[in-house]
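Please keep the sequence and the structure in view while reading.

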Amino acid sequence: MNAFYIEDGRLSAEDARHAAKVLRLRPGDEIVALDGKGGRFRARLEEDGAVEVLEQLPSNEPRLRLTVYQGVPKADKLEMLAQKLTELGVSRLVPVEMERSVRRFEKVDRLRKIAREAAKQCRRALPMEIAGPMAWDDAVRDMRKRALLAAPWEEAEDGRLTELSPCEDIGLLIGPEGGITAREIEESGAKTVTLGARILRTETAAIAAAAIVMAVMGEI
């Protein structure tokens, strides 16, 4: 079944058009209705975008709250991360302006739209939260609220994400293209880990690290 967000028992006008014109859905067809608050429902389309809720479905949100602190990268890499991290079940993506970031980031609304569409595609109960870009000092204060913070770092010689202790509130600090500086590692207080002998691109590191953590914590 296709998934749609509903509000006050209806699809948005845009979703109603998409359902009818692109997906060729008709009144009487069943969908997965998402209320944007974590609720998932089996529902039936009615006329003019109205939706009849039939039954509540089990939540598919992970117990783990995983926050990815992503050093702002070049190009449109954050857009890919908004999609892929949503699919993996990451709770929150925080763009961070780090020492080796080469650009600022301002397209927060677009990232949120991408995360919302990705959540619909994978039938996730909630879209991933996208924070506004944070300056380094603000990000450090936010990181310190996590029960555990890990940083994949190319200079780390030991430490593995597979060795993390069970935890329900984890942060991952991912550097931009130029990597994380030693000063940033020290100020963050993160546990450094290695992702292996090969140096991964920043977007690859974020996706790989998130997938490993989700698997280790029993969410994949």
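Is R44 buried, partly exposed or exposed? R44 is partly exposed, with a relative accessible area of 29%; buried stands for under 20% relative accessible area, exposed for over 50%, and partly exposed for values in between, using a 1.4 Å probe and protein chains only. The model is predicted, with local features requiring pLDDT of at least 70 and side-chain atom pairs pLDDT 80 or more, while totals for chains, interfaces and linings use all residues. Residues are numbered from 1 along each chain as its sequence is written, and side-chain values use heavy atoms, without hydrogens and water.

**Salt bridges**

- The structure contains 21 salt bridges, a salt bridge being a side-chain nitrogen of Lys or Arg within 4 Å of a carboxyl oxygen of Asp or Glu.
- R44 takes part in one of them, pairing with E52 at 3.0 Å from N to O.
- E52 is itself partly exposed, at a relative accessible area of 30%.
- A salt bridge also joins E55 and R42, with 2.8 Å from N to O.
- This pair links distant parts of the chain, 13 residues apart: E55 belongs to strand β5 (residues 51–57) and R42 to strand β4 (residues 40–45). Strands (E, at least two residues) and helices (H or I, at least four) are DSSP runs, numbered from the N terminus.
- E55 has a relative accessible area of 38% and is partly exposed; R42, at 23%, is also partly exposed.

**A buried pair and its network**

- D142 and R92 form a salt bridge whose closest N and O atoms are 2.9 Å apart.
- The two residues are 50 residues apart in the chain, D142 in helix α4 (residues 136–143) and R92 in strand β7 (residues 92–97).
- Both D142 and R92 are buried.
- Through shared partners, salt bridges join R65, R92, E129, D142, R146 and D169 into one network.

**Packing of two helices**

- Helix α2 (residues 77–88) packs against helix α3 (residues 108–121) at an angle of about 30 degrees, and their axes are 8 Å apart. Axes are lines fitted to C-alpha atoms over the stretch in contact, and angles run from 0 to 180 degrees between N-to-C directions.
- Residues of α2 in this contact include L78, A82 and T86, and those of α3 include L111, I114 and A118; contact means heavy atoms within 4.5 Å.
- K120 also lies in helix α3.
- K120 counts as buried, because its relative accessibility is 10%.
- Apart from neighbours within four places in sequence, K120 is in contact with A3, F4, Y5, D15 and L34.

**Nonpolar cores**

- In soluble globular proteins, nonpolar side chains tend to be buried together.
- The largest nonpolar core has 33 residues, of which L66, L85, I130, L161, I170, L172 and V213 touch the most other members. Such a core is a set of buried Ala, Val, Leu, Ile, Met, Phe, Trp, Tyr and Cys residues joined through side-chain atoms within 4.5 Å.
- At least two residues of this core come from each of β6 (65–71), α2, α3, β10 (148–152), β11 (169–174) and α6 (202–216).
- The most is given by α6, with six residues.
- Leaving aside neighbours within four places in sequence, L161 is in contact with A150, L172, V193, L195, A209, I212, V213 and V216.
- A second, separate core has 18 residues, among them V140, A151, W153 and I180.
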